[in-house]
Structure formats: C-alpha cells, structure tokens
Amino acid sequence: VIAEPAAPSLPAPAATGQLDYALRATWTDFLIPRSSTTAALRIAEMADSRRYSGSLGGQYPVFGNLRVGPDLSFEFAEVQEQWTYKPSMRFEYLQNRLRLDFRMGLEISDLGVGNDVADRTGVTGVFYKIGYRYDF
C-alpha cells in the first residue's frame, strides 16, 4: 500500500447568491367596497450581510375609477446598522384594460455609525414612480 499525500484543498468560492424569504398577505376590507390592504415581510440573506424589510399599504376608492392609498415601507441593513423608512402615497386610475399608477414619497435613512444617537447621520430624499399596464 502506497500512501499518497492529500491533495491541497482549494478555498471555497465566495458565495455570490442571495437567499430570500418572503411573506405577503392581501385582504379586502369589508367596510369599504373595492378597497384592499397588503402587508409584507422579507428577509434577504447575502454572503456577508442580512436585510430585513416590510411594508403595510392600502388602496381605497375615491371616485369611480380612482383609488388612493398610503404605504409605509421599512428596511434594516444588518452590517451598516442602517434603517430606511419610505412613507408614500399611491394614486391608481383604472379605465377598462388600462391601469395608470403614480407613487410619490420620502426616503428617510438613519445611518447607524455608533450606538449613540448623536453619532448617527440622517439622509432624506424624495422619490416618485410612474407606471402603466394594459391588459390585451
């Protein structure tokens, strides 16, 4: 029996993927016809960090084809200890098979440099999204 030296082990390649866990629930409100509420939670695991996010929003009819809805989203980045909040308002217009969507809101970030509140830096921005959908 001849013993051969073990082959040198190669380092494992760095993980570049991301694993997501998500839970989303949507329900219709019984008191207001054609209205709905949505709640969502998500955990994103990356090679070197983890992010937690969630949202709560609703859609409520104002006129025949116009619905409005407030939305509050948040995200926590574990590595930077950073919280991000996104309160917004969504306007949706429905006409036959055409759906127009407009969302406008704030993005407020709390950059967690240290445990002391005085060491933290806040960043605020405004965002908007415009979209449409046509069902053939």
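**Entry 1. Strands β4 and β5**

I began with the pairing of β4 and β5, which run antiparallel and are joined by twelve bridges. The model I am reading is predicted. Within this pair I looked up Phe 76 and found that it stands opposite Trp 83 in β5. I then turned to the hairpin of the two strands, where four residues lie between them. In that hairpin, Glu 81 takes a positive phi near 50 degrees.

**Entry 2. Strands β3 and β4**

Strand β3 covers residues 50-61 and strand β4 covers residues 66-77. I noted that they run antiparallel and that nine bridges join them. A hairpin connects β3 to β4 through four residues. I recorded two residue pairs here: Gly 54 stands opposite Phe 74 in β4, and Ser 53 has Glu 75 of β4 as its bridge partner.

**Entry 3. Strands β2 and β3**

I next looked up strand β2, residues 36-45, which is joined to β3 by ten bridges. These strands also run antiparallel, and the hairpin that joins them has four residues. Leu 41 stands opposite Gly 54 in β3.

**Entry 4. The chain as a whole**

Which elements make up the chain, and in what order do they run? I counted zero helices and seven strands, and from the N terminus on the order reads β-β-β-β-β-β-β. Buried residues amount to 21% of the 136 residues. Of the contacts with a separation of 6 or more, 36% are between residues 24 or more positions apart. The chain exposes about 10,500 Å², and carbon and sulfur atoms supply 61% of that area.

**Entry 5. The nonpolar patch**

I then examined the surface and found a nonpolar patch of about 1,100 Å². Its members are Leu 23, Leu 41, Phe 74, Trp 83, Tyr 85, Met 104, Leu 106, Ile 108, Val 126, Tyr 128 and Ile 130. The elements that give two or more residues to the patch are β5 (82-95), β6 (98-111) and β7 (121-134). I noted the numbering of Met 104, Leu 106 and Ile 108 among the members. In a regular strand, side chains alternate between the two faces of the sheet.

**Entry 6. Leu 106 and Val 126**

Leu 106 is found in strand β6, and Val 126 has its place in strand β7. Is each of them exposed or partly exposed? Leu 106 has a relative accessible area of 37%, so it is partly exposed. Val 126 is exposed, because its relative accessible area is 62% and the cut-off for exposed is over 50%.

I also looked up the surroundings of Val 126. Leaving aside neighbours within four places in sequence, Val 126 is in contact with Gly 105 and Leu 106. The C-alpha atoms of Val 126 and Ile 108 are separated by 8.8 Å, and these residues are 18 apart along the chain.

**Entry 7. Confidence**

The mean pLDDT of the chain is 82, and 80% of the residues reach 70 or more. Over residues 1-13 the pLDDT is below 50, and this stretch has zero contacts in the model beyond near neighbours in sequence.

Terms used
Residues are numbered from 1 along each chain as its sequence is written. Side-chain values use heavy atoms; hydrogens and water are left out. Patches are made of residues with over 30% relative accessible area and no salt bridge: like charges are joined within 9 Å, nonpolar side chains (Val, Leu, Ile, Met, Phe, Trp, Tyr) within 5 Å. Accessible areas come from the Shrake-Rupley method with a 1.4 Å probe; for residues, only the protein chains shown count as cover. A salt bridge is a side-chain nitrogen of Lys or Arg within 4 Å of a carboxyl oxygen of Asp or Glu. Buried means under 20% relative accessible area, exposed over 50%, partly exposed in between (1.4 Å probe, protein chains only). Contact means heavy atoms within 4.5 Å. Two strands pair if DSSP finds at least two bridges between them. pLDDT is the predictor's confidence in each residue, from 0 to 100.
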